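Here's a quick tour of one protein chain. Have a look at the sequence and the fold before you read on.

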Amino acid sequence: CFGTWLPFWRVIMPAMADAPVTICRAITGVTFSFGTSDQVNLRTVLVDMAGWYPTRLADRTRAIRMRGMSAFDPAAPPLPILIAGDPRLRERSAEVSAVDALLLREASGLIATLRDFRERSGFGRAISAVQVGVMKRMVAMNLGGGPFILLNPEITWKSDATFRVWDDCLSVPDVIVRVRRHSSISIVYRDDEFRPRRWSHLPPDLSELVQHEIDHLNGVLMTDLAEGADAIQPLSRWAELVGAARPPVDSGPRMPPPG
């Protein structure tokens with residue numbers, strides 16, 4: 001009888017924290033079609049497995065952090081960056097519904113891609129998941145104090161004041177573009193434990209950065225927002241037009257405040 005297997009599953013499942021919950025749900029769906037006399041017991045076991053996984057993963061992530069370790073894999077390889085012309089850059093990214101093992105792997109790859117770009121170019125503060133072909137509303141950032149991610153970022157307030165800024169983009173590598181941005185914004189988002197967070201009244205340099213990344217999640221590129229006849233300039237003018245007005249990539253431990 002499958003009912004006798006329930007204690008066994010409760011013992012071995014903690015060793016399977018990295019098994020995707022979707023597998024458990026797929027097994028559940030397939031097995032329900034068998035119509036066995038033990039179907040009720042089997043359903044209880046498999047649904048229990050599927051429901052247990054997200055909680056177990058969150059507990060494990062918290063335990064890792066208590067040991068002073070990051071939830072992201074430092075050995076993750078960088079991913080190829082999509083370049084303007086790729087149709088995926090024009091798609092709206094999907095909402096993230098939970099943090100699971102797959103999302104943490106994708107976040108680790110996104111962080112590795114940003115790190116690799118920073119090491120090669122000397123600049124780069126953020127990258128959206130769509131830029132590496134992951135169609136989820138996720139942004140990786142590193143402002144000098146270490147990497148972190150924003151899940152489902154949403155602007156909740158915009159200042160009336162705006163300003164013009166020279167923008168650059170990893171996916172539009174040959175040019176810089178003059179665009180207009182709100183001087184300050186406030187956002188809500190989820191962190192890498194899927195806890196709700198708020199980041200209020202960002203200063204101009206972070207405000208324009210977050211607006212740029214949210215544009216990516218909505219399929220908008222900086223070239224769509226070019227302002228003025230001479231708004232698109234060659235990347236060779238980056239140091240002159242962009243670099244002088246932007247903090248260095250390792251300027252300090254700037255992180256979103258808790259809460």
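Among contacts in the chain between residues at least 6 apart in sequence, what share joins residues at least 24 apart? It's 72%, where contact means heavy atoms within 4.5 Å. Keep in mind that this is a predicted model: local features need pLDDT of at least 70, side-chain atom pairs count only at pLDDT 80 or more, and totals for chains, interfaces and linings use all residues. Residues are numbered from 1 along each chain as its sequence is written, and side-chain values use heavy atoms, with hydrogens and water left out.

**Confidence**

- The average pLDDT of the chain is 82, and 68% of the residues score at least 70; pLDDT is the predictor's confidence in each residue, from 0 to 100.
- Residues 1–16 have pLDDT below 50, and beyond near neighbours in sequence this stretch has 16 contacts in the model.

**Overall layout**

- The chain has 6 helices and 8 strands; helices (H or I, at least four residues) and strands (E, at least two) are DSSP runs, numbered from the N terminus.
- Along the sequence, the pattern goes α-α-α-α-β-β-β-β-β-β-β-α-β-α.
- Of the 259 residues in the chain, 44% are buried, and buried means under 20% relative accessible area, with exposed over 50% and partly exposed in between (1.4 Å probe, protein chains only).

**The E4-E5-E8 sheet**

- Three strands form an open sheet in the order E4-E5-E8, with antiparallel pairing; two strands pair if DSSP finds at least two bridges between them.
- Strands E4 (162–169) and E8 (232–234) are at the edges with a single partner strand each, so one side of each has no neighbour in the sheet.
- On average, neighbouring strands of this sheet are turned by 25 degrees against each other, direction ignored.
- Strand E5 (residues 172–182) is joined to E8 by 3 bridges, and valine 177 sits opposite isoleucine 232 in E8.
- Helix H5 (residues 204–217) lies across E4 and E5, at about 60 degrees to E4; axes are lines fitted to C-alpha atoms, for helices over the stretch in contact, and angles run from 0 to 180 degrees between N-to-C directions.

- E2 and E3 pair antiparallel over 5 bridges, and asparagine 142 has proline 147 in E3 as its bridge partner.
- Their hairpin has 4 residues between the strands, and glycine 144 there takes a positive phi near 120 degrees.
- E3 also pairs antiparallel with strand E6 (residues 185–190), again over 5 bridges.

**Nonpolar cores**

- The largest nonpolar core has 25 residues, and those with the most contacts inside it include Leu103, Ile127 and Leu151; such a core is a set of buried Ala, Val, Leu, Ile, Met, Phe, Trp, Tyr and Cys residues joined through side-chain atoms within 4.5 Å.
- Helix H4 (101–121), strand E2 (138–142), strand E3 (147–158) and helix H6 (238–241) each supply at least two residues of this core, and the largest share, 7 residues, comes from H4.

**Glutamine 131**

- Glutamine 131 is in the loop between strand E1 (126–128) and E2.
- Is glutamine 131 buried or exposed? Glutamine 131 is buried, with a relative accessible area of 1%.
- A polar atom of the glutamine 131 side chain lies 2.9 Å from the backbone nitrogen of serine 128.
- Not counting residues up to four places away in sequence, glutamine 131 touches several residues, including Pro80, Cys169 and His216.

How values were computed. Polar contact = N/O pair within 3.5 Å; in protein donor to acceptor, adjacent residues only side chain to side chain.
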